[in-house]
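Please look over the structure shown below before reading on. The report that follows takes up its confidence, its strands and its helices in turn.

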Amino acid sequence: MNLETPIENLRYVGKIYQPRLKKLGIKTIRDLLWHFPMRYDDWTERGKVEDIKPNQKISLIGKVASIENKRIFPRRMILTTASIEDETGKVKAVWYNQPFLVNTIKPEKFISLSGKVKLDKYGVYLQNPAYEVLKNDQFSIFNFQSNSKSQIPNLKHTAGLIPVYPETEGLTSRYLRFLIKPLLKFSSKVQDFLPKEILERQRLDDVRTGLNEIHFPSSLEKADQARKRFAFDELFLLQLKALSERRKIQQQKAVSIKFNQEIIKNFVSSLAFELTGAQKIALWEILKDLEKPYPMNRLLNGDVGSGKTIVAAAAALETALAGYQAAIMAPTEVLANQHFQTFSKVLKNFDVKLGLITSSGIKGHGLSSDIVIGTHSLISAKGGPASGGQKNVSFKNLALAVIDEQHRFGVDQRAALLRSESGNNSKFIIPHLLSMTATPIPRTLALTVYGDLDISILDEMPKGRTLIETKLIPPEKRDEAYNFIRAEVKEGRQVFVICPRIEDPNGKIQNSNVKKKERQLSFKDYLNYEVKAVKVEYEKLSKEIFKDLRVAMLHGKMKSKEKENIMAKFSAKGGSASGGKNNIDILVSTSVIEVGVDVPNATIMMIEGAEKFGLAQLHQFRGRVGRGKHKSYCLLFTESPLVGTTRRLEALLKTNNGFKLAEMDLKIRGPGEFTGTKQSGIPDLAMAFLADMNLIKQARAEAKLILKNLNRYPLVSKKLSEFNKNVHLE
Ligand code: ADP
Ligand code: MG
């Protein structure tokens, strides 16, 4: 046997356990060694029967005086009761529904027990304690030095710090301890991929020590030290990956677009507002990148409403006036339309041709425009008339690709835009890429995933924004909230209503165990559930609650023209067409459709079933209001004011700042939901150490050093390519 031996060759992994282990990705002995505990039960102190006190945790060794099963009829339960004695007294141990214990725990045997002491009317007892029947050699040691400090070798479950593993159905920690402990001897066979110099500089455990201490630590400090070692591995590899990818990009070619101060000055001074400091810095960083002879790969990360569009417009303008094309890809038609209008407005004094390409057709100059705005129709053959049956839309000379709400596109779609044919001899020229996202990425995370390279952050809101007031609406306050909404509408304001999807019956979307492919297949179902939810809510609001108001709905199954009409009507109110007959007061929409829309007269964001959405999404919805001069509100309707959910929602009441929320979420619940990093592919331990800025910085510094002479470190190279194969960051 060796590290690569498949688990099915192990004695206690049969047909039953093998698939359960495989579900966790465990195929070999090595994988088992790398299946780390999530915490430890502390049984370091062993006591005597006379020391026992109620509600304590205790570990003790004694002789089994008796053991029997009893059936408890009213509760249909089997109770196994044992009496255990040592030289100081007797105590009862009780297990529920494990009648088979009488076959292992036999009278006269010595047994080690660890568990919680409970008190009932008959006295104290150990409830469901972990147990180990001592073997002869263990027993003789115990007998020989019978004091509570003596170490008994090979206790897996009841002495010292006992690992508790993340359990899935049918795989208990007890089983995993049993399986892993004897395999730890293989840890001496593991070649440490981390060079000695790094181990020394960073004072990290070598891999063998690390493996032993992370599974069966000699102290909690040692366990922490071991966890840090393996977290470092992951962070170091993430840094190597980020740095080497950056290097690859720098070896590619792009057109260098010289910074043109006059154009930018003209553009900035033509705006109706002054750019925020953050916008100025971000724009500067982008324009600097465009000058480079290799492709930019920059993420513009700014909270909803922080003004990303205008930054993109300036970069596109400079590109266009330098004689190249820029493309802007948005996730929805509504949004592409809105960008087209924004660009038309802010660029009207400049000599650039604009085009819009969506599945509904072409506006403006289409593909021969200097700046082409569109949906995925820009890249897909099926998408629209523009593609003319070709695989990719052909641009004349695309030099800048902007992807708005980049998380809404897949990796392939992003790559497709960059691959778009751009003219004749430019095959090897790659467009500069600017991705934009409103999902706030905390600094530590940015540093981990992107190596902190090429991210511009808009963490400052444009002046004059009114703070959005966020309120939690429990069932008993519903009527009051409806009245408030009506009053706002009477004042001329408008309302968004978002309703949660009706849960998908198969749980395919929610269940992260379902493969990504299958989840995508169910997107159609998903759409159906959302549409259904919108229709139900629309009926309720338009026919009952707000009969007197103009209610409309918007969902993903409507025709593009219909959607556009509705959005146009909704945007028109409060504008020049204010008071017109066809305007819309309340727009009921799905969670998918509304991303990015800008309607300054809308002041209320009402969210039904708020507890069903993630914090990130809720924050995005909230950002749809508070864009005009009127005070705005975000009303979180919740049917189940459970303590856990409300605590989560309360974070939203505390701050309007997305970056702060992200940090808060990172602290409260660990990374995951807010930033969508659960699916991000970041390995677990790295995740757990995301709050440790220092460790991340160290990992980055070491990665930089190693990368200079990677060929001198074959083990690191090998590990990196395995890592690249297995870890896909979104
Ligand atoms: P997001 O970052 O969410 O995409 P947008 O680009 O849609 O935000 O901008 C939101 C609104 O803020 C738009 O109406 C835009 O015109 C306006 N805006 C952008 N920058 C500024 C600024 N510096 N001062 C005032 N308003 C701004
Ligand atoms: Mg936007």
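In which sense do β18 and β19 pair, and over how many bridges? The two strands pair in the parallel sense, over 4 bridges, where pairing requires that DSSP finds at least two bridges between two strands.

## The model and its confidence

This is a predicted model, in which local features need pLDDT of at least 70 and side-chain atom pairs count only at pLDDT 80 or more, while totals for chains, interfaces and linings use all residues. Residues are numbered from 1 along each chain as its sequence is written, chains are lettered from A and ligands numbered from 1 in the order in which they are written, and side-chain values use heavy atoms, with hydrogens and water left out.

The predictor's confidence in each residue, pLDDT, runs from 0 to 100; its mean over the chain is 83, and 84% of the residues reach 70 or more. Confidence is highest in helix α11 (residues 308–321), at a mean of 97, and lowest in helix α16 (residues 516–521), at 43. Over residues 504–521 the pLDDT is below 50, and this stretch has 20 contacts in the model beyond near neighbours in sequence, a contact meaning heavy atoms within 4.5 Å. Residues 671–679 also have pLDDT under 50, and for them the model has 31 contacts beyond four places in sequence.

## The chain as a whole

The chain holds 24 helices and 21 strands, which are DSSP runs numbered from the N terminus (helices H or I, at least four residues; strands E, at least two). Of its 730 residues, 52% are buried, where buried means under 20% relative accessible area, exposed over 50% and partly exposed in between, with a 1.4 Å probe and protein chains only. Among contacts between residues at least 6 apart in sequence, 72% join residues at least 24 apart.

Leu 445 and Ala 686 are 241 residues apart in sequence, and their C-alpha atoms are 9.8 Å apart in space.

Val 588 in β19 is the bridge partner of Val 497, while Ile 586 in β19 stands opposite Val 551. Both faces of β19 are covered, with Ile 586 and Val 588 buried on one side and Leu 587 and Ser 589 buried on the other.

Strand β8 (residues 297–302) has 5 of its 6 residues buried, so it is largely enclosed by the rest of the structure. It pairs in the parallel sense with strand β14 (residues 432–437) over 5 bridges, with Asn 297 opposite Leu 433 in β14. Another 4 bridges join β8 to strand β15 (residues 455–458), again running parallel, and there Leu 300 has Ser 456 as its bridge partner.

## Helix α18

The buried residues of α18 are Ser 560, Lys 563, Ile 566, Met 567 and Phe 570. Seen down the helix axis, they fall within an arc of 130°, so they line one face of α18; the arc is that of the directions from the axis to the C-beta atoms. An α-helix has 3.6 residues a turn, so residues three or four places apart point the same way. What covers the buried residues of α18 includes α12 (333–346), β17 (494–498), β18 (551–554), β19 (586–589) and β20 (602–607).
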